[in-house]
Amino acid sequence: MRPSSALTAALTAAAALAVTATGASAAAGAASTGAPVRPVHCQEKSLRISASPGGQHNVARIAVTNRGGRTCVVDRIPTITFRGLDGSAQPVPPATSGSYVLSPGERGYAAVRTAERGTTQGHVVRSLSVAADPAHYGVTFGAAAVGMDRGIRVWEPVTTLWHTSRGAADRALAGATH
């Protein structure tokens, strides 16, 4: 027995509608349950880097602010270098690169220790540079800007990771260096 052409047309239309509806709901489900969108790396021009004295003669406070209009990431370890010297401050506690997320207007804070009080070892430099990501050029600050008017004595410098507050960065540095 052959189905009538009207019945065949109705079945074909119903099947097409079912496939279309299933495809649409599957696409909507994929959009809502798909992999989370990862923030992009912050463009250097959308960041503001600042440095200030850290309350101790050998400590500087560093801050990064996302001035852009969208959430982005920087490396979780700030890159701190010293004029005329090779290498950078080492993270405490020891860590590897990773992401630190900054929402628009949000700040990250780090603390840098350059030399132990009273040490005569190392070198004295006139500036330090800070980059929120190793791929960035960074910003250079003179010794006076970080409260080290006689120069920055550098001997085994260390830096904290980025933290959500200045106090958290200070506590991390104190806990890691004592």
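Visitor: Which residues lie nearest the centre of the largest pocket, and how many residues line that pocket?

Guide: In this predicted model, the largest pocket is lined by 14 residues, and H57, N58, M148, G151 and R153 lie nearest its centre. Its volume is about 220 Å³, and by class its lining has 3 nonpolar, 7 polar and 4 charged residues.

Visitor: Why is strand β10 called mostly covered?

Guide: A residue counts as buried when its relative accessible area is under 20%, and 5 of the 5 residues of β10, which spans residues 127-131, are buried. S127, S129 and A131 point one way from the strand, while L128 and V130 point the other way, and all are buried. In a regular strand the side chains alternate between the two faces of the sheet.

Visitor: What makes β5 and β10 a pair of strands?

Guide: Two strands pair if there are at least two bridges between them, and 4 bridges join β5, residues 79-82, to β10, so the two count as paired, running antiparallel. One of the links has L128 of β10 as the bridge partner of F82. Strand β11, residues 139-142, is likewise joined to β10 by 4 bridges and runs antiparallel to it, with S129 standing opposite T140.

Visitor: Why is there said to be a polar contact between T119 and Q121?

Guide: T119 lies in the loop between β8 and β9, where a polar atom of its side chain is 3.3 Å from the backbone nitrogen of Q121; the cut-off is within 3.5 Å, so this distance meets it. Leaving aside neighbours within four places in sequence, T119 is in contact with R153 and W155.

Note on methods. Residues numbered from 1 in each chain as written. Predicted model: local features only at pLDDT ≥ 70, side-chain atom pairs only at ≥ 80, totals over all residues. Heavy atoms only, no water. 1 Å grid on protein atoms, 1.4 Å probe; cavity = no way out; pocket = protein on both sides within 12 Å on 5 of 7 lines; lining within 4 Å. Points joined across faces, edges and corners; volume = space filled by probe spheres on them. Nonpolar A, V, L, I, M, F, W, Y, C, P; charged D, E, K, R; others polar. Buried < 20%, exposed > 50% of the residue type's maximum accessible area, 1.4 Å probe, protein only. Polar contact = N/O pair within 3.5 Å; in protein donor to acceptor, adjacent residues only side chain to side chain. Contact = heavy atoms within 4.5 Å.
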